[in-house]
Amino acid sequence: METQLDPMKDDLPLMANTSYMLVKHYVLDLDVDFKSKVIEGSIVLFFETGSQYKKTSSAGKESCRSPFDETCKMRASEPCHIPMINVSTCSSKTEYNDFAVSGTEGEATSDENSNHSNSEQASGISSSKDCCDIENHGNKDFLLILDCCDLSVLKVEEVDVAAVSGIEKFTRSVKLTGVSKELENLRNQIVHELVTLPADRWKEQLYYFTHCSQAPGCGELLFSTGTWSLEIRKSGIQTPADFPHAIRIWYKTKPEGRSVTWTTDQSGRPCVYTMGSPINNRALFPCQEPPIALSTWQASVRTAAGFVVLMSGENSAEPVQLREGILSWYYYVSMPMPASTFTIAVGCWHEVKQQFFKQTAAIETNTVYSLPSSQTDFRWHEGVCGHVEYPCRFQNPAARLQAVIPYRVFAPWCLMESCEEYLLQLIPQCLSAAYATLGTHPFSRLDVLIVPSNFSSLGMASPHIIFLSQSVLPGGSHLCGTRLCHEIAHAWFGLAIGARDWTEEWLSEGFATFLEDIFWARAQQQLSHDEIKGQQELKALLRWRRLRDEVQNSEEELQVLRPKKECTGELSESGASVVKYGLKAEKIFMQVHYLKGYFLLRSLARTIGEVSYLASLRKFVVKFHGQLVLSQDFLSMLLEDIPKQKGSGLTVESIFQNWLDTSGIPK
């Protein structure tokens, strides 16, 4: 009998086989229905052939097939849990019964929440700790696996991108062989040319992504859904290179889906938003969850008039009326990021506005304050960025001088006065202080939303948008300001620089906790040096007591900041992996990654000296923005800049041993 995942204790599976096919762009076209509490529509995914397939092909070896055809070999000898998939009979039409696959484990169950014929079946985690064999069903067609949960998939089809007007410009270099495969090769070549356009043609790229996403379908694909995945194949296609590189998935969410929450705001109006679920966005749209799947996206969202749609897009969307009572909102991003950073909030939000002269005065004051501190940062921008190509703000002279990016505040009607009193005047101060500390803002704008009272955290940062709890408002400027500084810090650490392995949460939360003190000190210009130091020492003491209490009352395995140790960052051959303890219920409420990470960074700053330490942070940001990192990337660069510290026993290995790879609090 199949082993079921226990959401109280198990790891979170990342099922997508990103080594074979890697998504480069998503186009979402969605309707939000508050009556049924469902988001419904389509998503078009544009792919490139993955690195693993390219590597095996160039070596002249047999091209990869379905992940079920081979034993999953790890890139390191890592005891691991790799998802086992059971494929059940499924199709979007009854004539596709040839997708029936032999296998006796588990019994298919019908999806009572949808009117289609695909069946859902649970996918579990292998119970063996030392092997990661994936079941062999003898199916030699290539199988595309996407991360998916709590979704009703209605249809999957190939998109005929060759039918788009003007697309001929992307077909000049195509070499076609064979009549039957000619059109398939043409479509995939068009997608390849489109996703590899240079960064200075991003607007043209977005234009053609839009039109390609609206192209007609040219054949339905076979699909099957499991507890954690959506598996898609095309009969007779055995390699990722031949698999359709543009596919459209018609689907709808379920009211109980765990990626979004349907609730009412503090004024009693209905709303829905992504609240930072442990399963990320896989119950909002089928996607590739692994961090390595950096992609861009664009989204059109329709909802009833009176609702405002906020998203993590780089543009400030204005609604377009489609017909009476229905508005459409359009957002996009040009910086590739993991699908987990996609954020949406739909509700009767009101924009909080301040008297213009106050806002202007605040911005001008803080701009003058922050520029001198950041000028030393500019010399590091002269080189070429290390990330994949995109329109980067670090290479934009105007962006590098922008101490305060454009910002807006949204809230339910009943909280607008509190937001105007504290939040509006704090945002430019905190943004300017962050700029003075780290330099160029990675994102071009910022929305701040006061989310409903069921939000379980004080704040959550996404590209271009921050969610804040109503709990920070009664605390006055201090509580509101420190939390705002923490979330702003995530723009650099957690978003612009992401963890290559999600188990290393400290790379996001530890840095944000450390930097919130630095930012807040610079934002409080009225305080003396001694007052700021006293404030920081008091906070350090409170954090120490909280960390000590947590260490005494939690499982030791959850206190380790690098739980996979030397295997951190390793993937299976297909690209699948797990987030260790990702579904452990008590982990959601733990602060160890914040606090232990904070004390590690505080210890390093004290050893090296704060001025040198912050200079190293700025250099790290310039070198690694737009990329995914591991702990050793930061620590190695830091110690290389301070060679004398190596002689005093401070090494990457000693930091691993004393701080990251062990439970408890270092002596």
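## A pocket and its lining

β2 (21-33), α3, β15 (295-304), β18 (326-337) and β27 (627-629) each supply at least two lining residues to the second largest pocket. Helices (H or I, at least four residues) and strands (E, at least two) are DSSP runs, numbered from the N terminus. This is a predicted model: local features need pLDDT of at least 70, side-chain atom pairs count only at pLDDT 80 or more, and totals for chains, interfaces and linings use all residues. Residues are numbered from 1 along each chain as its sequence is written, and side-chain values use heavy atoms, with hydrogens and water left out.

The volume of the second largest pocket is about 560 Å³. Its lining has 29 residues, and K24, V195, P336, V388 and E389 are the closest to the centre. A pocket is an open set of points on a 1 Å grid over the protein atoms alone, where a 1.4 Å probe fits, with protein on both sides within 12 Å along at least five of seven lines; lining residues have an atom within 4 Å of a point. Volume is the space filled by probe spheres set on the points.

By class, 16 lining residues are nonpolar, 10 are polar and three are charged. Where does the second largest pocket lie? Domain 1 (14-53 + 139-341) and domain 3 (500-511 + 526-666) both give residues to the lining, so the pocket lies between them. The domain bounds come from an automatic or database assignment.

## Helix α3

α3 gives the most to this lining, with four residues. The helix has 12 residues, 202-213. At 1.5 Å a residue it should span 16 Å, and its end C-alpha atoms are 16 Å apart, which agrees. The expected span is 1.5 Å times one less than the number of residues.

Which residues of α3 are buried? They are W202, Q205, L206, Y208, F209, C212 and S213. Buried means under 20% relative accessible area (1.4 Å probe, protein chains only).

## Helix α13

In α13 (residues 652-660), V652, S654, I655, F656, W659 and L660 are buried. These residues pack against α8 (506-523), α10 and α12 (631-641). Contact here means heavy atoms within 4.5 Å.

Most residues other than glycine have a negative phi. H464 is not a glycine, yet its phi is positive, about 70°. H464 sits in the loop between β23 (459-462) and β24 (465-468). Its relative accessibility is 5%, so H464 counts as buried.

Y581 also has a positive phi, about 65°, and is not a glycine. Y581 lies in the loop between β26 (577-579) and α10 (592-608). At 12% relative accessibility, Y581 counts as buried.

Conventions
Buried means under 20% relative accessible area, exposed over 50%, partly exposed in between (1.4 Å probe, protein chains only). Ala, Val, Leu, Ile, Met, Phe, Trp, Tyr, Cys and Pro count as nonpolar, Asp, Glu, Lys and Arg as charged, and the others, Gly among them, as polar.
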